[in-house]
Amino acid sequence: MGRWLVRGLCLGLLAFVVFGPLANMVLWAFTERWYFPHALPIEYGFSFWGRVFAPRGGAIESLVNSAVIAVGTVAMSLALAVPAGYALARLRLPFRSLILLAFLLPQAFPNLPVYINIARIFYGFGLNGTYLGVVLVHTSHGLVYAVWIATAAFASVEHELEEAARNIGAGAMHTFWTITLPLAAPGLMASAIFVFLESLDEFTGTYFVGAPDVQTLPLLLYSASAGGNYQIASITALILLVPSIAFMLVVERFLRADVLAKVGR
Amino acid sequence: MPSEAFLDIDRVAVRYGSTPVLHDLSLAVGRGELVALLGSSGCGKTTLLRTIAGFLSPTSGRLRIGERDITRLAPDRRDMAMVFQSYALWPHMSVAQNIGYGLKLRRLDRAAIRAKVEDLLAMLGLAGLGERNVTALSGGQRQRVALGRALAVDPEILLLDEPLSNLDARIRQTVRHEIRALQRRLGITAIHVTHDREEAMVMADRIVILDAGRIAQAGPPERIYNQPASPFVADFMGADNSVTLEADLDGASVVIAAGADHAAARLARDLLPTANTLPGQGTFSLRAFFRGEAAALVAADEAVTGDETEALLLTGRVLAVSYPGGVWRHEVAIGERHFLVDDATCHAPGDAVAVRLPARHLFLFPADGTTKPRGG
C-alpha cells in the first residue's frame, strides 16, 4: 500500500511540474482580475483576447511576421540541407564527421556573443531590421537540424533502390527526383517542421537583428511580460503553443524510427 | 562454349580499395544463354554481376556486348535489367508503377504502358494486383514484381542476383522452373548468381564456378557434376568425401596399392572421369573424392579381394545406422575418418563392411593439389 502511495505522489509531482505552468498560463489567458491572496482568478473573461487581436495590439502583425519568417527559414534551410544531406549521406566525403559537426557550431557557443557579432556584421550589409536578415539568422540556427535530419533521411534510403532505377535506364538526376527524394521526403518533412518551430520560437537572434523593425511573436511576448501584462503574455504564449502541439502529432506520423536512428551518423 | 560471344568479359580485374576481388577473369556468354555464376560467399560472383551491371568499374580489362564496348558506360545506358536479392522494389509506388517505371522512362504513352503492365502481370500470375502497394505482397509475389520490372524493359541481358534466396523452399522449386521457362521463351540472355548448387544445376545452360575471384571451372551442368576439373570443384559439387591413396600410373591404368583402409585396385584410365588431370607416368600420392550417394556398401566377406578393375573398395566398420527414407544411411568408420554412406540394405552397427566406389564416380587428383585448369 505504501509503495503505491509513493508512486502516486511521484506521478502527481511529475504531472504538476509538466502541467502546472501550462495550467497557470491557460488560467492567466482567461483572467480579468487576479491578485494576492486569491488562489484562483477573481473574474474570468475575454477582454484581453480582444486587446491582443486589436489592430493596435500588434498580435496579428507579429503572427504574420513570424509565419513569413518561419516559411522563409524553412525554404532556405531545405535549399541548403537537401544537397548537403544527399552529399553527406551518399558521397565519400573527406572529413565527413567534421562537416557534420561544423553545422553544430552556431549552437556550441553561447548565443548572445554569436548574435551580437552577427548583428554587427549584418549592420555593415544593411541587413539589420530586414526580413532577410532575420531569416538568415534563423537559418544559421536551424541548419544543424535540417542537415543532420536530411543526412539521416537520405542515408535511410537503400542504395539498391536507386541502383534498381539506374539499372533499367534512369539517369542519375531522374533517379534522384523519382526515387531518392520521394523516399527521403518524410524525413525532410520532419526536418522542415523542426526548422519551422525553431524559427517560430527564436528570440535572441531576432531581437538583435530584427528589432524593432521586425516584430515577431516571441518579441511581443517578451515586451508584454516585461511590462507585467501576464494576460497578453499568456495569450501570445498559447498562440505559440498551437504549432508545437500540431508538430508533435505530425512528426510522429512522418518521422520513422529508422530515420531517427541515423541522425548524426 | 558458344561459338559467338554476345557478352564478352575480357580479362576483367576488380578491386575493393586495395583488395583484389576478381583476377583477370574472362568469360563469354552466348545470346539466349543462361549462365549460372556459382560459388561460396566471397568468391566474387556478386562482384562480377555488379561489374557487368556497371555499378562497379574494373581496374583493367574490357566488357563488350556484341561489338559495343561497355566498360565505362553508365549503368542506365547498358540495356540490362537486374533482379536484386532484396528485390529493391520501390515502397512509394504500386505494383503497376514499379513494373511500369522503365516503360515510362522510354516515353511510352499511358495506354501502351498500361497494356504492357497488364500483360506482364498476367504472365507472372499477378493479375488484379496492379494497384496493390508492394509492401502488401508476399515474398513470392514481390519476387515476381521484381522480375516483371526487369522484363518490362525488354533488356538484352537479364541479371539475377540470388533472386530466389529469400523464398521458402517449396516456392523456390516452382519459381526456378518459371524463370527458366520464361527466359527460354523470351530468348533473353541471363546471368544468374547463386550459391545453391541444385538451383544452378536445374536452371543453367552453363555453370561457372568461381573460387577466390577466378573461374575454377565452366561448363554444362552435367560436365561440372561428373567431371570436376579440380579438388575444389569436386568438393563444391558435393563430392566432399575424400581418401588419400598411393598409386602407380601408366598410360592405360591407375594401379592402387592396398592400404590400411582400402584394397588394391587396377582402374582403367578411360573409366576415370578426371584421368586427364593425372600425371602420365610414375608413382604418386593421389586424393580420391566421391559422393556419399555414389558409394555402395558390401558386407566384408562378400567383397571380392584382389585386383578390382572397376571399383575401389574401402574397408571399414559400421558405427551407426539411420533411416531417412528410401535408403539406409550408415555412418562408416574408415581408418580415422567417418563417412555417411547410403545403401538399400541395412548393415548393423559393428559389422565389418566394404564401401564400393565405382571408378566412374571416383574423382582422382594429385594429392599436392596442383592440377591443370580445364576450360568448359
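Arg64(B) counts as partly exposed, at 24% relative accessibility. Here buried means under 20% relative accessible area, exposed over 50%, and partly exposed in between (1.4 Å probe, protein chains only). Arg64(B) forms a salt bridge with Asp8(B), and the closest N and O atoms are 2.9 Å apart. A salt bridge is a side-chain nitrogen of Lys or Arg within 4 Å of a carboxyl oxygen of Asp or Glu. This pair links distant parts of the chain: Arg64(B) lies in strand β4 (residues 60–65) of chain B and Asp8(B) in strand β1 (residues 5–16) of chain B, 56 residues apart. Helices (H or I, at least four residues) and strands (E, at least two) are DSSP runs, numbered from the N terminus.

This is a predicted model, in which local features need pLDDT of at least 70, side-chain atom pairs count only at pLDDT 80 or more, and totals for chains, interfaces and linings use all residues. Residues are numbered from 1 along each chain as its sequence is written, chains are lettered from A and ligands numbered from 1 in the order in which they are written, and side-chain values use heavy atoms, with hydrogens and water left out.

## Salt bridges

The structure holds 17 salt bridges over all chains. Four of these pairs are tabulated here.

| Pair | N to O distance |
|---|---|
| Glu163(A) and Arg50(B) | 2.6 Å |
| Glu162(A) and Arg90(A) | 3.0 Å |
| Arg64(B) and Asp8(B) | 2.9 Å |
| Arg329(B) and Asp342(B) | 2.9 Å |

In chain B, Arg329(B) and Asp342(B) meet in a salt bridge. Their strands are β17 (residues 327–334) for Arg329(B) and β18 (residues 337–343) for Asp342(B), and the two residues are 13 apart. Arg329(B) is partly exposed, with a relative accessible area of 32%. Asp342(B) is buried, at 18%. Elsewhere, salt bridges that share partners join Asp8(B), Asp10(B), Arg11(B) and Arg64(B) into one network.

In chain A, Glu162(A) forms a salt bridge with Arg90(A). Glu162(A) sits in helix α8 of chain A and Arg90(A) in helix α3 (residues 59–90) of chain A, 72 residues apart. Glu162(A) counts as buried, at 5% relative accessibility.

## Where the chains meet

17 residues of chain A are in contact with 23 residues of chain B. Contact means heavy atoms within 4.5 Å. The two chains bury about 1700 Å² between them, 60% of it on carbon and sulfur atoms. Buried area is the accessible area (1.4 Å probe) that two parts lose on being put together, summed over both.

Two salt bridges run between chain A and chain B. One joins the side chains of Glu163(A) and Arg50(B).

On chain A, the elements that give two or more residues to the side touching chain B are α8 (159–167) and α9 (172–201). The largest share, seven residues, comes from α8(A). By class, this side of chain A has eight nonpolar, six polar and three charged residues. Ala, Val, Leu, Ile, Met, Phe, Trp, Tyr, Cys and Pro count as nonpolar, Asp, Glu, Lys and Arg as charged, and the others, Gly among them, as polar.

## Two domains in chain B

Chain B is divided into domain 1 (7–232) and domain 2 (234–366). These bounds come from an automatic or database domain assignment. The domain centres, taken over C-alpha atoms, are 39 Å apart. 15 residues of domain 1 are in contact with 13 residues of domain 2. The area buried between them is about 1200 Å², with 66% from carbon and sulfur atoms. In domain 1, Tyr225(B), Pro228(B) and Pro231(B) lose the most area to domain 2, together 42% of what that side buries.

The count of salt bridges between these domains is zero. Seven residue pairs are in polar contact there, both at pLDDT 80 or more.

## Two buried residues

Thr180(A) lies in helix α9 of chain A. Thr180(A) is buried, with a relative accessible area of 1%. Among the residues that Thr180(A) touches are Tyr86(A), Phe154(A) and Glu162(A).

Leu22(B) lies in strand β2 (residues 19–30) of chain B. Leu22(B) is buried, with a relative accessible area of 1%. Its contacts include Val12(B), Leu48(B) and Gly213(B).

Note on methods:
A polar contact is a pair of N or O atoms within 3.5 Å; within protein, one must be able to donate a hydrogen and the other to accept it, and residues adjacent in sequence count only if both atoms are side-chain atoms. Lists of a residue's contacts leave out its neighbours within four places in sequence.
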